[in-house]
Amino acid sequence: MGVDFRSPEDIIHSALGVLENGDPQLLVALDEIAAPLYVTDADGFVTYFNEACIEFAGRTPVLRADRWCVTWKLFTDDGEFLPHDECPMAAAIRERRSIRGLTAVAERPDGTRVPFMPYPTPILKNGELVGAVNILVDVTDASQAAELWMQADRAHRLARAGFDKTTAETLGRLADEYAARALALGGPRKPSAIH
């Protein structure tokens, strides 16, 4: 499975085109999408998932048994448990609208956690809800980059706090190392970053 360089919105648009066509053989095209993508019926039960979902979730979803999400457990960014019936996909289906700009944390059965951004999108035919499609974008690198930028800011503040020259230079180098690691993860400089 290769890397898909399209935006999540472009992938969702392509998936909707395949699903609206209704040709089961076209579902093979969804298997080729590198990002975890799954489809539910109007009640939120998973009716399709691609191979990337298995890798992302650390488990094989159960068709027509798993509801709202392919993950084992969900948490908020603050670490609070998030019931599946309150996840963005459930809200998208209940409210019949796309949900964007949220993040959550998936826990795999082995206990590892991965921060992600979902793109739940209802599928409407003639104004009737028939299901939804979702793509899950791993934002681990972005989360790590944000933490590194915070550490860089702290080190810069400490470097200016009146320590001796050697300590200030050491803290400045440490801040630069944090910033370089954040950039390497693809994390853009945050406006709040202090030099």
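Q: How many of the 8 residues of helix H4 are buried?
A: Buried means under 20% relative accessible area. In this predicted model, 6 of the 8 residues of H4 are buried, so the helix is largely enclosed by the rest of the structure. The buried residues are Pro88, Met89, Ala90, Ala91, Ala92 and Ile93.

Q: Which strands do the buried residues of H4 pack against?
A: They pack against strand S1 (37-41), S5, strand S6 (121-125) and strand S7 (128-138). Just after H4, Arg96 takes a positive phi of about 55°.

Q: Where is empty space left, and how is it shown?
A: Rolling a probe the size of a water molecule over the atoms shows where empty space is left. Here the count comes to 1 cavity of 30 Å³ or more, and the largest cavity has a volume of about 50 Å³.

Q: Which residues line the largest cavity?
A: The lining includes Tyr38, Trp68, Cys69, Leu74, Pro88, Met89, Phe116 and Asn134. Helix H4 (88-95) and strand S5 (113-118) are the elements that give two or more residues to this lining. By class, the lining has 11 nonpolar residues, 1 polar residue and no charged residues.

Q: Is Thr71 buried or exposed?
A: A residue under 20% relative accessibility is called buried. Thr71 has 3% relative accessibility, so Thr71 counts as buried. Its place is in the loop between helix H3 (51-57) and strand S3 (73-75).

Q: What does Thr71 touch, not counting residues up to four places away in sequence?
A: Thr71 touches Phe56, Ala57, Arg59, His84 and Ala106. With His84 there is also a polar contact between the two side chains, at 3.3 Å.

Note on methods
Residues are numbered from 1 along each chain as its sequence is written. This is a predicted model: local features need pLDDT of at least 70, side-chain atom pairs count only at pLDDT 80 or more; totals for chains, interfaces and linings use all residues. Side-chain values use heavy atoms; hydrogens and water are left out. On a 1 Å grid over the protein atoms alone, a cavity is a set of points where a 1.4 Å probe fits but cannot get out, and a pocket is an open set with protein on both sides within 12 Å along at least five of seven lines; lining residues have an atom within 4 Å of a point. Grid points are joined across faces, edges and corners, and a volume is the space filled by probe spheres set on the points. Helices (H or I, at least four residues) and strands (E, at least two) are DSSP runs, numbered from the N terminus. Ala, Val, Leu, Ile, Met, Phe, Trp, Tyr, Cys and Pro count as nonpolar, Asp, Glu, Lys and Arg as charged, and the others, Gly among them, as polar. Buried means under 20% relative accessible area, exposed over 50%, partly exposed in between (1.4 Å probe, protein chains only). A polar contact is a pair of N or O atoms within 3.5 Å; within protein, one must be able to donate a hydrogen and the other to accept it, and residues adjacent in sequence count only if both atoms are side-chain atoms. Contact means heavy atoms within 4.5 Å.
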